[in-house]
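I opened this model to look up a few sites and write down what I found.

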Amino acid sequence: MLIGAHVSSSGGLLPALERGEAIGADVIQIFTTSPRAWKPAAFPPELLAQYRQAQLDNVTVQATFCHASYLINLATTDPDKLARSRTSLLHNLQVATAIGSAGLVLHLGSHLGAGYSTAVKPIAAELLRAIQTVEDLGGLSSAPILMENAAGAGGTCGRDFGELAAVLDAAGGHGRIGTCLDTQHLFASGADYSTMEAADRVVRTVAVTVGLDRLACIHLNDSKTEQGSNRDRHANLGEGLIGRTSLALLLGHPRLQNVPAVLETPGADGHGPRASDVVIAREIHADGLRRWRQGAGKQGAGKQGAGKQGAG
Ligand SMILES: [Zn+2]
Ligand SMILES: [Zn+2]
């Protein structure tokens, strides 16, 4: 499993790769525009091409994920807000595509009480429109859009993988639409993965809803808020309410080993993940692998060998 972290992209994108290297990240995630502003950053095409090449050449950092602006709301019925969301998504996706990103992680937004079912088709249409526009304008195959599961506050869309699957279905199962599983949002939305059985249930739910082949990224975070709190508050690994064991059980699951994990933890004073956090993430992952190996051994001696059907 590749393990890395969200890093700052300030100073013109390229320094992000150095920051990733400095903390020993196998993969990084960046914002390509200020996450809480509509105004897109203007990057010269040469810089984007330069990043793409630098990423290919980098031996430590093997992939770059992008995270879209938090302001985007594809479920809004306000025409002005929708137009801004559309422009912002398009810009984020154009940059992600131009730098050769492994995917653009996106929060779908909030239906603000109108109900999720009414939002599914419009969201799917917006995703398809963005992908199509990027491909028409750039002539490149679009970077995948990775819908992230939400913590579930208010009318947020995508609070479980069934909701994400509904959007995927409405988009005709388009090949450039995938998902991102955030461990903190999962916990905050009420899911339990404190035992092997529970962790396996989470993975099977992803498998039967969106499909494991659509899971392109894990956001590896502990939680400052309680299970079922519906609040999006990340904590450093082992310092939150999820704890190392649950995270290990999920991270060590045999069917998740091909999915990169990205830390989005506060680090010290909110400056983001440190080298020591990446080390802890690797320790937790190793512990999870050990637990699953031992569990499989026990099951083999007893009844059936569930969860051994190869990596997804
Ligand atoms: Zn996110
Ligand atoms: Zn996340």
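I started at His 6, which stands opposite Gln 29 in S2. Here strands (E, at least two residues) and helices (H or I, at least four) are DSSP runs, numbered from the N terminus. The model is predicted: local features need pLDDT of at least 70, side-chain atom pairs count only at pLDDT 80 or more, and totals for chains, interfaces and linings use all residues. Residues are numbered from 1 along each chain as its sequence is written, chains are lettered from A and ligands numbered from 1 in the order in which they are written, and side-chain values use heavy atoms, with hydrogens and water left out.

**Strand S2**

I checked both partners of S2. Strand S1 (residues 3–6) pairs with S2 in the parallel sense over 2 bridges; pairing needs at least two DSSP bridges between the strands. Strand S3 (residues 63–67) is also parallel to S2, over 5 bridges. Gln 29 faces Phe 65 in S3.

I then traced the connections. S1, H1 and S2 form a right-handed β-α-β unit. S2, helix H2 (residues 45–57) and S3 form a right-handed one too. Right-handed means that, with the strands pointing away from the viewer, the path from the first strand over the helix to the second runs clockwise.

Which way do the side chains of S2 point? Val 27, Gln 29 and Phe 31 go one way, Ile 28 and Ile 30 the other, and all are buried. Buried means under 20% relative accessible area, exposed over 50%, partly exposed in between (1.4 Å probe, protein chains only). With 5 of the 5 residues buried, S2 is therefore largely enclosed by the rest of the structure.

**Asp 26**

Asp 26 sits in the loop between helix H1 (15–22) and strand S2 (27–31). I read a relative accessible area of 15%, so Asp 26 is buried. Its side chain makes a polar contact of 3.1 Å with that of Arg 282. Such a contact is a pair of N or O atoms within 3.5 Å; within protein, one must be able to donate a hydrogen and the other to accept it, and residues adjacent in sequence count only if both atoms are side-chain atoms.

**Helix H5**

Asp 160 caps it, with a side-chain oxygen 2.9 Å from the backbone nitrogen of Gly 162. Just after H5, Gly 172 has a positive phi of about 70°.

**Zinc site**

What coordinates the zinc ion (ligand 2)? I found Glu 148 (OE), Asp 182 (OD), His 219 (ND1) and Glu 264 (OE), at 2.0 to 2.2 Å. Donors are N, O and S atoms within 2.8 Å of the metal (3.2 Å for Na, K and Ca); water is not among the atoms, so sites may look incomplete. The 4 donor atoms subtend angles of 84 to 172°, which makes the arrangement irregular. Asp 182 lies in strand S6 (residues 177–182) and Glu 264 in the loop between strand S10 (261–263) and helix H9 (275–301), so the pair ties together parts 82 residues apart in sequence. Both Asp 182 and Glu 264 are buried. The zinc ion (ligand 1) is 3.3 Å from the zinc ion (ligand 2), and Glu 148 coordinates both.

Terms used
Tetrahedral: all angles 85-135°; square planar, octahedral: opposite > 155°, others 65-115°.
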